[in-house]
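Subject: Structure handover

Hello,

Here is the structure I promised to pass on. My notes follow below it.

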Amino acid sequence: MACVPGGDFIYGSDNPKWKDEHPKSTVTISTFLIDKYEVTTAKYQKCVKEGQCTPAISNYLHMRADELPQVKANWFQAQKYCQAHGKRLPTEAEFEKASRGPSGQTYPWGDEKATCEKAIIKEHGIRGCSNDHQPTGGPKAPGSRPAGIYGLYDMAGNVHEWVLDWYEPNRAKCGQECLGKDPAGPCGGADHCPGYTERVVKGGSWYWDWDWARAAKRRAYKPDNSPPHHFGFRCAKSIEDAEGQ
């Protein structure tokens, strides 16, 4: 895991195209730890064999290799994997801070537009940067592109990643739960939150272009992942929890 230092950071954007990223705000985050890499198929399937995780497998043969990110897991399975390893899913704010740093840069490497040299995305109509004779394209092994800020890999592109928060399209309406210190979204990301039915997915993927790989970009999806999408995840841990072990 990598340590992301606490402090203020620029959260969201004022992009007129994506109003659910509004308002561009200064938010304070406590120091935390986050996995350097997306959880791989090998690690997830080991958890399944040990009886701590429930089965999840891609319906595409070319996305099942041990070294690739585990995909098609739903939010509950992702959270359970993290908990089985003494961790949790990162909050949306933590994920975004880890992706863009404190000053609000657009991507983990800065403001230069995402390309296949920097991230696994859709470019020139090709999904995953090289289609490898697969019509859908697909992700690559985590770490196939240079690390971004804080030494983290694939915070932009490769696979969309589940985070803790319930999806609220109007952060101003949400108030302190979304924009206060250490925000975790509506109901603090609790298991149940009246009026909310979707969780947040972050980070872009091989399937979408440069715009979806921006740190501020958000996506909403049902936590049971139905119908199934090929989302991945990584885990985080509060620094207080780490010090207590």
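Threonine 91 counts as buried because its relative accessibility is 7%. Buried here means under 20% relative accessible area, exposed means over 50%, and partly exposed lies in between (1.4 Å probe, protein chains only).

Two notes on the source. This is a predicted model: local features need pLDDT of at least 70, side-chain atom pairs count only at pLDDT 80 or more, and totals for chains, interfaces and linings use all residues. Residues are numbered from 1 along each chain as its sequence is written, and side-chain values use heavy atoms, with hydrogens and water left out.

Threonine 91 sits in the loop between helix 2 (75-84) and helix 3. Helices (H or I, at least four residues) and strands (E, at least two) are DSSP runs, numbered from the N terminus. Leaving out residues up to four places away in sequence, threonine 91 touches Val163, Leu164, Asp165, Pro183 and Ala184. Contact means heavy atoms within 4.5 Å.

Helix 3 spans residues 92-100 and is mostly covered. Nine of its nine residues are buried. Among them are Glu92, Phe95, Glu96 and Arg100. Just after helix 3, glycine 101 has a positive phi of about 75°.

**Isoleucine 10**

Isoleucine 10 belongs to strand 2 (residues 7-11). Which residues does isoleucine 10 touch, not counting those up to four places away in sequence? They are Lys24, Ser25, Thr26, Glu96, Arg100, Pro102, Ser103 and Gly104. Proline 102 is 92 residues from isoleucine 10 in sequence. In space, the two are 6.0 Å apart, C-alpha to C-alpha.

Strand 7 (residues 161-166) and strand 8 run antiparallel, joined by three bridges. Two strands pair if DSSP finds at least two bridges between them. Tryptophan 166 is opposite arginine 199 in strand 8.

Strand 8 also pairs with strand 9 (residues 218-221). That pairing is antiparallel too, over four bridges. Here valine 200 is opposite alanine 220.

Strand 8 covers residues 199-202. Arg199 and Val201 point one way, and Val200 and Lys202 the other way. All are buried.

**Arginine 218**

Arginine 218 lies in strand 9. It counts as buried because its relative accessibility is 4%. What joins the side chains of arginine 218 and glutamate 92? A polar contact of 2.7 Å does. A polar contact is a pair of N or O atoms within 3.5 Å; within protein, one must be able to donate a hydrogen and the other to accept it, and residues adjacent in sequence count only if both atoms are side-chain atoms.

The side chain of arginine 218 also reaches the backbone oxygen of glutamate 168, at 3.0 Å.

**Cavities**

On a 1 Å grid over the protein atoms alone, a cavity is a set of points where a 1.4 Å probe fits but cannot get out. A pocket is an open set with protein on both sides within 12 Å along at least five of seven lines. Lining residues have an atom within 4 Å of a point. Grid points are joined across faces, edges and corners, and a volume is the space filled by probe spheres set on the points.

There are two cavities of 30 Å³ or more. The largest cavity holds about 40 Å³. Its lining includes Glu92, Trp166, Arg171 and Arg218. By class, that lining has four nonpolar, one polar and four charged residues. Ala, Val, Leu, Ile, Met, Phe, Trp, Tyr, Cys and Pro count as nonpolar, Asp, Glu, Lys and Arg as charged, and the others, Gly among them, as polar.

The second largest cavity has about 30 Å³. Thr41, Gln45, Met63 and Arg64 are among its lining residues.

**Pockets**

The largest pocket has about 260 Å³ of space. It is lined by 14 residues. Trp206, Tyr207, Trp208, His229 and His230 lie nearest its centre. The lining has seven nonpolar, six polar and one charged residues.

The second largest pocket has a volume of about 200 Å³. Its lining includes Met1, Asp35, Tyr81, His85 and Cys235. Five of the lining residues are nonpolar, two polar and five charged.

Best wishes
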